[in-house]
Amino acid sequence: MTEFTEGESIGDAMERREDLELITGHGDYLDDLKRPGMLYASFVRSEYAHARIEDIDTEAAEAHEDVVAVFTHEDVEAAGVPGDIPQIYRVPNLTETEHLLFARERVRYQGKPVAVVVAEDRYTAHHAVDLVDVNYERLETVTDPVEAANEDAPTLHEERPDNVAFTWGTGDEEGVEEAFEAADRTFSFEYENQRIVPNALEPRGALAEYDPYDEQLTVHTPSQQPFLHKTMMADVLDHPERKIRVQAPNIGGGFGSKSMVYPDEVATAFCAMQLHQPVKWIETRGEAFQADEHGRGQYVEAEAAVDEDGQMTGLRVRSTADMGGELGSKGCLAPSTTFGLLLSGQYEIPAIRFDSTAVYTNRTPTGVYRGVGRAEAICTLERLVDHIARELDVDPAEYRRNHLVEPDQFPYETGLGSTYDSGDYEKALDKALDMADYEELRERQAELREEDRYLGIGISCFIESGGLAPSSLSEMFGMGLPDAAVKSSYWESSTIRVHGSGEVTAYVGTASPGTGVETTHSQIVADKLGIDVDDVSLYEGTDTDKVPDGTGSVGSRSAPVGGGAIKHSIDKVVQKATEIAAHHLEASPEDVEFEDGEFFVSGAPGRSMSLQAIATESQVATELPEDMEPGLEATSYYDPENFTWAFGTHVVVVEVDGETGEVDLVDYIGVDDCGVQINPQVVEGQIQGGIAQGIGQALFEGAVYDDNGNLLTGAFQDYTVPKTTLMPDLTLDSTETPSPHNPLGVKGVAESGTIGATPAVANAVVDALEPFGVENVEMPMTDKRVWHAIRDAEEGS
Amino acid sequence: MARHDITLTVNGKEQSLTVDSETLLVHALREELDYTGPKVGCQSTMCGACTVQLDGDPVKSCTLFAVQADGREVTTVEGLGDQDNLHPLQESFRAEHGLQCGYCTPGMLMTADGLLEENPDPDREEIREALEGNICRCTGYENIVNAVESAAAKGEGGSDD
Ligand code: FES
Ligand code: FES
């Protein structure tokens, strides 16, 4: 087990270095960038969810004096480039269907780009979109994935007449069969884990520049994975990767939604390459609702087998995933690994089986979003557990406690292909229950019920497979298959350069969407090199020309994997510095120790040399050990052996008005464990933000379509994101169980709040409704739905 | 399209510009005058990212035409304080970790400043109500409310100009 010694910077809740420019209005987000001669693009998007395109008449738009060009699929074809965005993850039985920059002959969801208008200015581009006349022949639509998988449903892609994009399964089928056969009782729970719209506050967009003389394409786009965008653009635009530079300016939130490669971003680059002029495109909020790939969208059936003591002996989960009209670039992820790997949660469940069917529908594609797959898995498990406890009439906290994996069982293998690194689940549970005053809450609940007041207490115990890695995962994701378009993986790279002055510039391949990673990474550098954090400059992989290589910021990986890469480079730097110090101090390198920026001979602290002196020496390079190269710099590629497994318990108290169905969030308590915290304030901020999203999904958020595939919730006016008045004050605390395999002991935490919150809130609402006999309310549990659930239950009884 | 010559006093500086009838105030500020502090998040009065103050009152500059602001005083986040002279609210947002990506922050600051101008000692509920029209997708608001509360506690929340 690795030892974790914390220096002065790790563990310090220091203010973020990012903030000064952001609070004064001096950050540079994409739309703040301008270029001389910059043109402006606006997309013509399909107004129908399913239609054949008979004709696109661009003449009137082209005739407009301020319109420079109009492009459609025909132009992409004429340019001889593929224009088809491939799958990043390839599950084994996938038949890849088209995901083109512009629709070809047919549209399969509302919002699909059909053409783009490029004009001299923003307003003209927007107006001229209306001058493009598209003739559609409407086709029958199907919006429900369960119906779409029926035989008589209209076919969306001829290559897959059954509308099934792929199927995926994991776990122990036989073991589960046996468990169900031997079961004393079985329980089942069905629900919809509804689609949610990412809605990062900053819309997506791109500013593309092309220099035809050296064939250099530069694309500024708020990407969480600029290196991935670069690789993909090379493929889709058939352009040499070495001549593409992707630069992400300040990113105004992403949550995964800015890690996919979308048709409109690449199409903007296509425009710049065609026109040899800078082209900017900025999405409107309406487009963001329609075109940003949605999260979740899974119809889930879960069943548990239970023995005579009430212990879960087998778990079977089936999901029908709604992929939308086309498979987005990361479409394969949510219904497969990220869901399947987590179904054991914090519990010891002897046999688990997960099967999912991913189905095309006439809705916006689904992709990765805040807690992708894991949120669905934990929500399913935690709601099922509550359901079982209720049926067995056991306290839900006790029921959970009886199944927890114990601290001495780690590393714990789940039988689903995942191995948990470390945990003390009961400690977090106890702490949360204590903070909530659980016993008393239950008493109060009983008292209030006497007065026809309905308090609900919801618990969720969750895990998060943070720190997306290791590279061997890319095999499971099909990224290494011979026909994989994208050769990409999940290591992270860093370079540490110690200047002659002793100051440090660090480069790392993460690309955080506003989550403070520049600060936390700098804290790691300062801590491990024993220097002042103000002497550290940190560049993330937000510019593929500035940072040598990288993977990016997704799956809560910036701190554990990016931080791990930094630590490895620092180790190399320290190793070299140790040799230089030994040479100067006339000692053997084994006898030289490093602490707080000083290298000294063991037992003789007076014989020492500072990092700064060594850095100068390495630059001057006149008295280095024989055969040593000048300079004090190191690069490393860190490939972790596993995910990091953060966890926690959240407890939510609600009061539901039995007359109106109104849900009042009374209290929110959360205990999180993400191992060593580099900056506790940043960690807490991440958790708070995630909780807001989790509450949003439980109570307010959900994309609603009509039968024709029209998105009815296409604006903030009719899609409720959490607002100040909808959020309660939060009471948060933590425990600390370091990850034994992470060089810093940290675990990724960015999505924990989201993963933990949704089931805790949903369980609380259902718990409140127990006196009415309500077993489930579909999410989002709006006042109206809760009201109906109460009425239905009353009428039924 | 009709063009109009207008004058705006932005952050105390008088500026003349020519805009179309349909030019939104936020675009006039951002694109004609280079005050990129106000952000565009929804262009429909719903998210608050574009909030500026017009004659001292917080308004959403995405649904006002630039011509409507002719002859009036506009304050953007750039006018609230700069790196050498931060406004107490800016200080508090930083100290309380009241932002992550920062895209909502200029709007939050301008709304909060308007609140403290009217009500120098708001309770948490009043702060939450005042900020209801400002969406943040990153923070969960807790630290934003803390920041406004702590700026108010310092007793120097409202801008004194
Ligand atoms: S951009 Fe003005 S309120 Fe959203
Ligand atoms: S900090 Fe990102 S939207 Fe508020």
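The following questions and answers cover the chain interface, salt bridges, cavities, pockets and backbone of a predicted model. Residues are numbered from 1 along each chain as its sequence is written, chains are lettered from A and ligands numbered from 1 in the order in which they are written, and side-chain values use heavy atoms, with hydrogens and water left out. Because the model is predicted, local features need pLDDT of at least 70 and side-chain atom pairs count only at pLDDT 80 or more, while totals for chains, interfaces and linings use all residues.

Student: What is the area buried between chain B and chain A?

Tutor: Contact means heavy atoms within 4.5 Å, and 51 residues of chain B are in contact with 55 residues of chain A. Buried area is the accessible area (1.4 Å probe) that two parts lose on being put together, summed over both. Carbon and sulfur atoms give 53% of the buried area, and the total between chain B and chain A is about 4500 Å².

Student: How many salt bridges does the rule find across the interface of chain B and chain A?

Tutor: A salt bridge is a side-chain nitrogen of Lys or Arg within 4 Å of a carboxyl oxygen of Asp or Glu. One pair of this kind is Asp34(B) with Lys34(A), at 3.1 Å from N to O. Over all chains the count comes to 56; across the interface of chain B and chain A it is 9.

Student: Which element gives the largest share of the side of chain B that touches chain A?

Tutor: Helices (H or I, at least four residues) and strands (E, at least two) are DSSP runs, numbered from the N terminus. Those of chain B that give two or more residues to this side are H1 (25-32), H2 (88-95), H3 (105-118), H4 (124-130) and H5 (142-153). The largest share, 4 residues, comes from H2(B).

Student: How many residues apart in sequence are the parts that Glu209(A) and Arg35(A) tie together?

Tutor: Glu209(A) and Arg35(A) form a salt bridge with their closest N and O atoms 3.3 Å apart. Glu209(A) lies in strand E9 (residues 205-211) and Arg35(A) in the loop between H1 and strand E1 (39-45) of chain A, so the parts joined by this pair are separated in sequence by 174 residues.

Student: What is the volume of the largest cavity?

Tutor: On a 1 Å grid over the protein atoms alone, a cavity is a set of points where a 1.4 Å probe fits but cannot get out, a pocket is an open set with protein on both sides within 12 Å along at least five of seven lines, and lining residues have an atom within 4 Å of a point. Grid points are joined across faces, edges and corners, and a volume is the space filled by probe spheres set on the points. The search finds 9 cavities of 30 Å³ or more. The largest cavity has a volume of about 680 Å³.

Student: Which element gives the most to the lining of the largest pocket?

Tutor: The largest pocket has a volume of about 800 Å³. Of its 33 lining residues, those closest to its centre include Ala248(A), Glu518(A) and Thr542(A). Helix H1 (19-23), H16 and strand E21 (536-540) of chain A each supply at least two lining residues. The most, 4 residues, comes from E21(A).

Student: Where is Pro411(A) found?

Tutor: The peptide bond from Phe410(A) to Pro411(A) is cis, with omega near -5 degrees. Pro411(A) is in chain A, in the loop between helix H12 (396-401) and strand E16 (412-413).
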